[in-house]
Amino acid sequence: MPKTKPELSLNKIKPKGEQILQGAMQVFLQQGYAGTSMDRVAEVAGVSKNTIYNHFRDKEGLFTALIEQITTTRFQIVFGSIDLKAEPAVVLRQLAEKLFSTVLPDREYISFLRLLIAESERFPHLAQLFISNLPKKVLGMLSEYLSSHPELNLPNPEATARIFMGSLMTYVLTQEILQGKEIIPLASEDLISSLITLITDRN
């Protein structure tokens, strides 16, 4: 029986752990969460099963580490280059364009989102971890930013942040994840410009 191990925080994952996560991502995307075995992860990652258990407690711990890695990276990519001291129209455009430019071309991330949605009913705590680690943080920062700009005269900055981010994620969902871009096509620029106008031009 493999020894149980406490989960490693993301900033403490060593190169071997990264190698395991890369292999695990391939297997999870191919087999789904329920269909993934640690034997197969070990084979694809090029390590022994004992090595996996030296880094991660079990399959759930491995998938949890993947979620933490992906959400942390995504948050840094999107918000790391945004100037939150800029005017609202500039910040909203930077946020939307950065999200679309990094998410839409990333087929692995799109596939991961499909997997997370597909497994969310059977494993709700894993989906909730994703929500807590990424959408909740993004909404919190955007809500705080909008609240700091009373000139926008927003009755509810938090609701406005949800409308903005929800519209962007609905675009990703319908256009890419659900393969709808040929059925209900919409240029991303048209969506971005319309959302910014709705929020910043209320007179």
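Is glutamate 176 buried or exposed, and what is its relative accessible area? Glutamate 176 is buried, with a relative accessible area of 8%. Buried here means under 20% relative accessible area, exposed means over 50%, and partly exposed lies in between, with a 1.4 Å probe and protein chains only.

Before I continue, a word on the basis. This is a predicted model, in which local features need pLDDT of at least 70 and side-chain atom pairs count only at pLDDT 80 or more, while totals for chains, interfaces and linings use all residues. Residues are numbered from 1 along each chain as its sequence is written, and side-chain values use heavy atoms, with hydrogens and water left out.

Let me stay with glutamate 176, which is placed in helix H9. Helices are DSSP runs of H or I with at least four residues, and strands are runs of E with at least two, numbered from the N terminus. Leaving aside neighbours within four places in sequence, glutamate 176 is in contact with Leu104, Arg107, Ile110, Arg114, Tyr171 and Lys181; contact means heavy atoms within 4.5 Å. With lysine 181, glutamate 176 forms a salt bridge, the closest N and O atoms being 3.5 Å apart. A salt bridge is defined as a side-chain nitrogen of Lys or Arg within 4 Å of a carboxyl oxygen of Asp or Glu. Lysine 181 counts as partly exposed, at 42% relative accessibility.

I turn now to the other salt bridges. The structure holds 10 of them. In one, glutamate 189 pairs with arginine 93, and the closest N and O atoms are 3.0 Å apart. This pair links distant parts of the chain, since glutamate 189 belongs to helix H10 (residues 188-200) and arginine 93 to helix H5 (residues 88-103), 96 residues apart. Glutamate 189 is partly exposed, at 36% relative accessible area, and arginine 93 is also partly exposed, at 26%.

A further bridge joins arginine 162 to glutamate 158, with closest N and O atoms 3.4 Å apart. Because they are four residues apart in helix H9 (residues 157-177), arginine 162 and glutamate 158 are separated by about one helical turn. Arginine 162 is exposed, with a relative accessible area of 51%, whereas glutamate 158 is partly exposed at 43%.

Next, helix H5. Its 16 residues should span 22 Å at 1.5 Å a residue, and the end C-alpha atoms are 22 Å apart, which agrees. The expected span is 1.5 Å times one less than the number of residues. The buried residues of H5 include Val91, Leu95, Leu99 and Phe100. Among the elements that cover the buried residues of H5 are helix H4 (59-79), helix H6 (107-119) and helix H8 (135-147).

Helix H4 is mostly covered, with 15 of its 21 residues buried.

Which residues touch the most other members of the largest nonpolar core? They are Leu62, Phe63, Phe100 and Phe164, in a core of 61 residues. H4 gives the most to this core, with nine residues. A nonpolar core is a set of buried Ala, Val, Leu, Ile, Met, Phe, Trp, Tyr and Cys residues joined through side-chain atoms within 4.5 Å. Not counting residues up to four places away in sequence, phenylalanine 63 touches Phe28, Tyr33, Phe112, Leu115, Leu116 and Leu126.
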